[in-house]
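I set out to record what I looked up in this structure, entry by entry.

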Amino acid sequence: MFTLDIEGLAELQAEWAQGVDELGKNLETSSVLAAKDGVEAMKATHPYQDRTGDLTGSMNANALAKGAEMRVEMPYASFVDKGTSRARPFPYTPLAERTAENSLNVRAAFDAEKLVERMNK
């Protein structure tokens, strides 16, 4: 008969739980940074002519309880982005969304990799 005693399981579980908590906090921070990256992409590459600076100036990223959001505060923002029956669209949100998503994916993968490296020590 073969028996194997495994010791330290409780410590390992506690360390993983702590690591997962830290990963969650890092992801919250990463989501805000990713939203800021998306806003910067909107500001840098918008296809419309920015006559007053009001629309571009109203673009911002905000932290939420769990995550972040990108906002454009001007009431006419969606008309510029999506167009109307009388005006063609000047889409600026698709690039912002892709930029924020890519940024979050990179940051999340980095944070997860750090956690795995820590657990392997």
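**Entry 1: N60**

I began with the accessibility of N60, which comes out at 25% and counts as partly exposed. I noted the cut-offs: buried means under 20% relative accessible area, exposed means over 50%, and partly exposed lies in between, with a 1.4 Å probe and protein chains only. N60 lies in strand 1. I then looked up the spacing of N60 and M70, which are ten residues apart in sequence and 5.9 Å apart in space, C-alpha to C-alpha.

**Entry 2: the basis of the values**

I recorded that this is a predicted model, in which local features need pLDDT of at least 70 and side-chain atom pairs count only at pLDDT 80 or more, while totals for chains, interfaces and linings use all residues. Residues are numbered from 1 along each chain as its sequence is written, and side-chain values use heavy atoms, with hydrogens and water left out.

**Entry 3: S58**

I next placed S58 in the loop between helix 2 (54-57) and strand 1. Is S58 buried or exposed? I found a relative accessible area of 8%, so S58 is buried. The side chain of S58 reaches the backbone nitrogen of M74 at 3.4 Å. I noted that a polar contact is a pair of N or O atoms within 3.5 Å; within protein, one must be able to donate a hydrogen and the other to accept it, and residues adjacent in sequence count only if both atoms are side-chain atoms.

**Entry 4: residues of helix 1**

Q18 lies in helix 1 and is partly exposed, with a relative accessible area of 43%. Q18 and E40 are 22 residues apart in sequence, and their C-alpha atoms are 33 Å apart in space.

L23 is also found in helix 1, but L23 is buried at 19% relative accessible area. Its C-alpha atom is separated by 8.4 Å from that of A108, 85 residues apart along the chain.

A44 is found in helix 1 as well and counts as exposed, at 64% relative accessibility. The C-alpha atoms of A44 and A96 are separated by 10.0 Å, and these residues are 52 apart along the chain.

**Entry 5: helix 1 against helix 4**

I reminded myself that two packed helices are described by the angle between their axes and the distance between the axes. Helix 1 (residues 9-45) and helix 4 (residues 93-119) pack at about 155 degrees, and their axes are 7 Å apart. Axes are lines fitted to C-alpha atoms, for helices over the stretch in contact, and angles run from 0 to 180 degrees between N-to-C directions. Helix 1 and helix 4 are therefore roughly antiparallel to each other. The scale I used counts angles under 35 degrees as roughly parallel, over 145 as roughly antiparallel, 65 to 115 as roughly perpendicular and the rest as oblique. By class, the contact of helix 1 with helix 4 has 17 nonpolar, ten polar and six charged residues.

**Entry 6: salt bridges**

How many salt bridges does a search of the whole structure find? I recorded six. A salt bridge is a side-chain nitrogen of Lys or Arg within 4 Å of a carboxyl oxygen of Asp or Glu.

One of them joins E28 and K66, whose closest N and O atoms are 3.3 Å apart. This pair links distant parts of the chain, 38 residues apart: E28 is in helix 1, and K66 is in the loop between strand 1 (59-64) and strand 2 (67-72). E28 is partly exposed at 32% relative accessible area, whereas K66 is exposed at 70%.

I then looked up R71 and E69, whose side chains meet in a salt bridge at 3.8 Å, N to O. R71 is partly exposed, with a relative accessible area of 36%, and E69 is partly exposed, with 25%.

The side chains of K82 and D81 also meet in a salt bridge, at 3.3 Å, N to O. K82 is exposed at 59% relative accessible area, but D81 is buried at 6%.

Technical notes
Helix = DSSP H or I, 4+ residues; strand = E, 2+ residues; numbered from the N terminus. Nonpolar A, V, L, I, M, F, W, Y, C, P; charged D, E, K, R; others polar.
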